[in-house]
Amino acid sequence: MKKIIIAFSTAIVLIFGLALMNSCQKEEETDPNYVPSGQEMILGEGKIAYSIENMQRALDSAQAALAKSFPGARLMTEEINLRVNNKYVRFLPKDSIEHELLMEDSTLNLFNYPIDKPILQNGTVYEPEYTNENGFSWLYSVVPLHQQLPEGIQTEVIEEVFIPDYGKSDHSAISTGRVARQEGEDEDIAADTNALYAAVEAYALYLAGQMDDEEANEMIEAFSGGNVQRQGGTLRINSDGTLEHKKVNAFIEALKGVKNALNMIMPRAFAGGTSGNSSTAPKLCAKCLVSTSWMPEGDLFIEDPTMTPNRVPLRGIKVIVHRHLRARAMYTDDEGHFESDTDFSNSAYYTIHFRNRSSSWLGRRYFRINSGKTGWFTHTHRITGKTKSSVDYTYTFTGGSPDNFNEAVAAMYLATEHYYFRDVDGIDRPKRHMKIWAKDEHGDGINGSHSASRYFFLRNQLHMFAKSSATSDYRDTDGLMATMFHELAHSTHYIQNSFVKFGNIETRVKESWARGVQYVLTRKYFPSYNIPTSRSSGYTGLVRDLIDTTNSVISGDMVSGYTLAQIEHTLIYTETWEEWEQKIIQYYENDTEDEVSDLFDYWD
């Protein structure tokens, strides 16, 4: 079984979910981030950390603790007003049309579970609290305060919140909730303010019950410069939504201890006056203070030792980095690299959406791989940053196991993205809004299917089966990619003909064309790949034999030199085997055209 891995190269040390490696060696067998297909996602209880009330409590506590350690420091003389800058909302689509409008809105980062609840167990299945008669449930998102929401769709604003927006000091306090940086102001003021916000954000998550004990201990250790022992196991929340007073006090004491930690790191950082003057006030050393704040970035790849090249980036794939209500969407570039435009405090989740970027829901060259009729396929794992070491990590989808649905879908994505945007020898690309249903099962003798009837009512046009009917194991990379190329070839063939015309085309014409595309495109990754053929079922090797230079008198293959684009052109409004033969002879001059009829006769 060939293994597909997704590799992340990050600028932080990953604490949860990834085994530490001193080199690029892959810890496939011990990867704790592997989530079995079908595992239930379990959510806990917690308050919304970014509510104005909770953030103000965190700010007041942090300022009080820091003021005691740094009396008269510049930051303590400035008034900080927290203002609502985002809203936490949910949508309930009543039907597939509304659902599709939401899914294709590029301004929305949607989740099918309430993201204000801490994740106790990661999973691929979440049982929603409510599903309407058409099978649709609530979708959750966080949007800027003044962003216009989709009209006509049932919407609830759960909470108006303040989420710090790091690194954007040129924005006004109204838009970001930050202290606005004035022209000529010392840049350290902005850096210190961001540092304070990161501390406040971490503490707010702590107060709201959005941290487990392990993460809270790491954060306290980072703030205090040493390990702080805490009693008890699971964090408990009081009836008013606050944590036990003893635990809050432990965190306050940790904040007070930050001065000692900083003095050890930067002995001269606090030399100077004690007034609020920017030239003499001590600096808070943002990078030292907020050692739990980091900028998520990474690289996504598929690796297969039999593939050429062995390592291929996953391009244009959507990645959402999120923690509680903070979420940032990005897309990988041509090198498979993605990076966030803002810092995160403590741990975060990376959710990989197997879809490419779309400009609008009716836009062309858009595709999405779904895990059901209305859902979307994602893969989520958790990491956190604690130090700023530059260490390379490899994240493996399978963890060494050959039976992983995520791995199969990654291969499907690679093939689909190639057909849409890479070298396809001049043939047409899919022009429809494409939805692909990836199924974690075998297809009772088939590996995939395309149906013209599925282009109506916003259905999934293609169905893909990840498992082999013969063995019930997951199919190999080359087989999965070959099937995807095959079904996408049917899609372009359909678009070139009307709905009625496509239905009249002989099966052997349709399948021989799709087999040919499958052969040519799969060999771009697996040069020795060959296609299974059958004259009786119509899955012939005709297109391959029209193109290749391997001739055989026995099989009637004395033809070569036709291009895939030429063959595609002869298929437009061609319904029968005989029509196809005549068009190939008539449309294009070829040194072997006298042998074309014999080749058609062989595969007839």
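Helices α10 and α12 are oblique to each other, and that follows from their angle, because angles under 35 degrees count as roughly parallel, over 145 as roughly antiparallel, 65 to 115 as roughly perpendicular and the rest as oblique. Here the angle is about 130 degrees, and the axes of α10 and α12 (residues 507-522) lie 8 Å apart. Axes are lines fitted to C-alpha atoms, for helices over the stretch in contact, and angles run from 0 to 180 degrees between N-to-C directions. Helices (H or I, at least four residues) and strands (E, at least two) are DSSP runs, numbered from the N terminus.

Before going on, a word on what you're looking at. This is a predicted model, so local features need pLDDT of at least 70 and side-chain atom pairs count only at pLDDT 80 or more, while totals for chains, interfaces and linings use all residues. Residues are numbered from 1 along each chain as its sequence is written, and side-chain values use heavy atoms, with hydrogens and water left out.

Back to the pair. α10 passes α12 in a right-handed crossing; a crossing is left-handed if the near helix is turned anticlockwise from the far one by less than a right angle, and right-handed if clockwise. Who touches whom? On the α10 side you'll find D478, M481, A482, F485, H486, A489, H490 and H493, and they meet K510, E511, W513, A514, R515, V517, Q518, L521 and T522 of α12. Contact means heavy atoms within 4.5 Å. Sorted by class, the residues in this contact of α10 with α12 are eight nonpolar, five polar and four charged. For that sorting, Ala, Val, Leu, Ile, Met, Phe, Trp, Tyr, Cys and Pro count as nonpolar, Asp, Glu, Lys and Arg as charged, and the others, Gly among them, as polar.

Now follow α10 (residues 477-496) to another partner, α9 (residues 405-421): their axes come within 8 Å and cross at roughly 40 degrees. That makes α9 and α10 oblique to each other as well, and α9 passes α10 in a right-handed crossing. From α9 the contact takes A408, A411, M412, L414, A415, T416, H418 and Y419, and from α10 it takes T477, L480, M481, M484, F485, L488, A489 and T492. This contact of α9 with α10 has 12 nonpolar residues, four polar and no charged.

α12 has a further neighbour too. Its axis and that of α15 (residues 577-587) come within 8 Å, crossing at roughly 50 degrees, so α12 is oblique to α15. R508, V509, S512 and W513 of α12 meet W577, E578 and W580 of α15, and the contact of α12 with α15 has four nonpolar, one polar and two charged residues.

Next come the sheets. Four strands make an open sheet, in the order β16-β19-β21-β20, with mixed pairing; two strands pair if DSSP finds at least two bridges between them. At its edges are β16 (367-370) and β20 (448-450), each pairing on one side only, and the twist from one strand to the next averages 20 degrees. β20 pairs with β21 (residues 462-465) in the antiparallel sense over three bridges, and the bridge partner of H450 in β21 is L462. α10 turns up again here: this helix packs on the sheet, touching β19 (434-439), β20 and β21, and its direction makes about 170 degrees with that of β21.

A second open sheet has three strands, in the order β5-β3-β6, and its pairing is antiparallel. β5 (139-144) and β6 (154-161) are the edge strands with a single partner each, so one side of each is left without a neighbour in the sheet. Neighbouring strands are turned by 25 degrees against each other on average, direction ignored. Seven bridges join β3 (residues 86-92) to β6, and V89 has V157 as its bridge partner in β6.

Two loops deserve a look. Most residues other than glycine have a negative phi, and most peptide bonds are trans. D425, in the loop between α9 and β19, has a positive phi near 55 degrees. T308 and P309 are joined by a cis peptide bond, with omega about -5 degrees, and P309 sits in the loop between β9 (301-303) and β10 (311-313).

Finally, confidence. The chain's mean pLDDT is 73, and 64% of its residues reach 70 or more; pLDDT is the predictor's confidence in each residue, from 0 to 100. Over residues 1-31 pLDDT stays under 50, and the model has 128 contacts beyond four places in sequence for them.
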